[in-house]
Amino acid sequence: MSSSTSSRGSWSSTAGSRRSPIPYRKKPLDYEPAVLCHYGMKAALWISWSNDNPGHRYLKCYRARVSNTTEGGCGFITWYEGPCNPFVASLLVDLRDAVWGLKDVNTALRLQLDDVTMRLEQEKNDAIALKKELQRMEKEEEQLKLRDGRTNKAGGDRCLIIAVCVALCATWIWMALH
C-alpha cells in the first residue's frame with residue numbers, strides 16, 4: 001500500500017485533492033523509534049505536500065486515517081523533524097507542481113490515445129465490412145456472367161459499372177487503411 005497524504009485544507013481549490021507526487025520509501029508505520037498517540041498506538045508517519053510545509057514529515061494518529069467517520073482518531077499530530085529552509089520549501093512546491101502537471105498531461109494523452117485507438121478500430125471494422133461487400137459484389141458479378149452468357153452492350157456496360165464500383169471501393173479501403 002502506498003501511503004501518502006498532505007495537510008488538510010492547504011491546497012488551492014483548483015488543485016483539488018491530490019496524492020503525494022512521489023511514493024513513500026516505506027509504509028507509514030515502518031519507522032523507529034515508535035511514537036505513540038493518545039490511544040497508546042504507534043502514530044503514522046506522513047509527508048505534507050501543502051504549500052506551507054512541502055516535504056515536511058509529521059506523525060498523526062493512524063486511526064484518524066483508517067477508521068470510519070464516527071470513530072475518528074485522537075487528534076494526535078506532531079512534526080517528525082524541523083522545518084526545511086525556505087529555498088528548499090519553494091523548490092519542493094515547484095517540483096510537486098511540475099510532477100502533478102506532468103501526471104495531468106499523461107492522463108490527457110492516455111485519454112487521447114484511447115480515443116484514437118477506438119476510432120482506428122472502428123475504421124478497421126468499416127474497411128473489413130467494405131471488403132466483404134466488395135467480395136460479395138464480385139461473386140455476384142461472376143454469377144451473373146455465368147448465368148447470362150451473353151456479351152452484348154448492356155452486359156458490357158454493367159461490367160464496366162461494377163468494375164468502376166470495385167475500383168472506387170478498393171481505393172476507399174486503401175485510403176482508410178493508410
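1. Arg 96 is buried, at a relative accessible area of 5% (buried means under 20% relative accessible area, exposed over 50%, and partly exposed in between, with a 1.4 Å probe and protein chains only). Arg 96 forms a salt bridge with Asp 97, with 2.9 Å between the closest N and O atoms, and Asp 97 is partly exposed at 38%. A salt bridge here is a side-chain nitrogen of Lys or Arg within 4 Å of a carboxyl oxygen of Asp or Glu.

2. The model is a predicted one, in which local features need pLDDT of at least 70 and side-chain atom pairs count only at pLDDT 80 or more, whereas totals for chains, interfaces and linings use all residues. Residues are numbered from 1 along each chain as its sequence is written, and side-chain values use heavy atoms, with hydrogens and water left out.

3. The salt bridges number six by this rule. One of them joins the side chains of Glu 32 and Lys 42 at 3.6 Å, N to O; Glu 32 is exposed at 63% relative accessibility, while Lys 42 is partly exposed at 23%.

4. Another salt bridge, at 3.5 Å from N to O, brings together the side chains of Asp 115 and Arg 119, which are separated by about one helical turn because they lie four residues apart in helix H2 (residues 86-148). Helices (H or I, at least four residues) and strands (E, at least two) are DSSP runs, numbered from the N terminus. Both residues are partly exposed, Asp 115 at 36% and Arg 119 at 48%.
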